[in-house]
Amino acid sequence: LAKENTSSLNYLHITILNEVLSSLLPEYHKWDYEMKREKDKPVTYDLIMYKNVKVKRIDKEGNTFYEDESRKLYIWQLSDGERSIISIIFDISRRLILLNPDEKDPISKASGIVLIDEIDLHLHPRWQRELTKALPRIFKDLQFICTTHSPQVIGETPTNHVYLLDNKGKVIVQPESFGRRTEWILKHIMG
């Protein structure tokens, strides 16, 4: 981690991760880390982020109004879903950086296949939809093969990209899924 040297590859990679996470979670406008040193223990780092929030205020006359405020949060203060998304993005980004150590922008230059089992796990339905759209947008030349039990994920997957396995192991291409409502998917695809 090289905050002090803005021309180092580590600094560039941290900057890339910041951009990737900010594009996926725009309410978090800044990502950073804090180094912790304790006597006789290894140095550790805490991931921190700054989230834009609306804060309810009351003036002297008793009128209620809202102000935008930036709040510092540690990763352990986030929901399971937010931590899950960050973990997926970090893991993919880290692997791309390690596989392309001399590349200044390994995220946009890398190609490959990523397997994710149960992509919907621990995610709010809105985040399931967002992550399904965001991964191919962020990692343009990666192909994602994901398993899911979520109608939200299926509804955000492009037409002819959903494959079902029946009880006998036969693969069925689902021609119609993108943009469909949850109820329709539950009845016609998952039913």
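Guide: Buried means under 20% relative accessible area, exposed over 50%, and partly exposed in between. The model discussed here is predicted.

Visitor: Into which class of accessibility does serine 87 fall?

Guide: Serine 87 has its place in helix α2. Its relative accessibility is 45%. Because this value lies between the limits of 20% and 50%, serine 87 counts as partly exposed.

Visitor: What distance in space separates serine 87 from leucine 123?

Guide: In sequence, serine 87 and leucine 123 are 36 residues apart. From C-alpha to C-alpha, their separation in space is 12 Å.

Visitor: What span should helix α2 have, given its number of residues?

Guide: Helix α2 covers residues 80-99, which makes 20 residues. The expected span is 1.5 Å times one less than the number of residues.

Visitor: How many residues apart in sequence are the parts tied together by arginine 129 and glutamate 156?

Guide: Arginine 129 forms a salt bridge with glutamate 156, and their closest N and O atoms are 3.0 Å apart. Arginine 129 belongs to helix α4 (residues 125-138), whereas glutamate 156 lies in the loop between α5 and β6, so the pair ties together parts whose separation in sequence is 27 residues.

Visitor: Is glutamate 156 buried or exposed?

Guide: The relative accessible area of glutamate 156 is 14%. Because the limit for this class is under 20%, glutamate 156 is buried.

Visitor: How many aromatic pairs are found, and which one is stacked?

Guide: A search of the whole structure finds 2 aromatic pairs. Planes under 30 degrees apart count as stacked. At 10° between the planes and 5.7 Å centre to centre, the stacked pair is tyrosine 74 and tryptophan 76.

Visitor: What arrangement do phenylalanine 139 and phenylalanine 144 adopt as an aromatic pair?

Guide: Both phenylalanine 139 and phenylalanine 144 are buried. Their ring centres are 6.3 Å apart, with 55° between the planes. Because planes under 30 degrees apart count as stacked and over 60 as edge-to-face, this pair is tilted.

Visitor: Over which ring does the charged end of arginine 180 sit, and at what distance from its centre?

Guide: The charged end of arginine 126 sits over the ring of tryptophan 127, 4.7 Å from the centre. For arginine 180, the ring is that of tryptophan 184, and the distance from its centre is 4.0 Å.

Visitor: Where does aspartate 40 lie?

Guide: Aspartate 40 has a positive phi, near 60°, and is a residue other than glycine. At 75% relative accessibility, it counts as exposed. Its place is in the loop between β1 (28-36) and β2 (44-58).

Key. Residues numbered from 1 in each chain as written. Predicted model: local features only at pLDDT ≥ 70, side-chain atom pairs only at ≥ 80, totals over all residues. Heavy atoms only, no water. Phe/Tyr/Trp six-rings, centres within 6.5 Å; stacked < 30°, edge-to-face > 60°. Buried < 20%, exposed > 50% of the residue type's maximum accessible area, 1.4 Å probe, protein only. Lys NZ or Arg CZ within 6 Å of the ring centre and 35° of its normal. Helix = DSSP H or I, 4+ residues; strand = E, 2+ residues; numbered from the N terminus. Salt bridge = Lys/Arg side-chain N within 4 Å of Asp/Glu carboxyl O.
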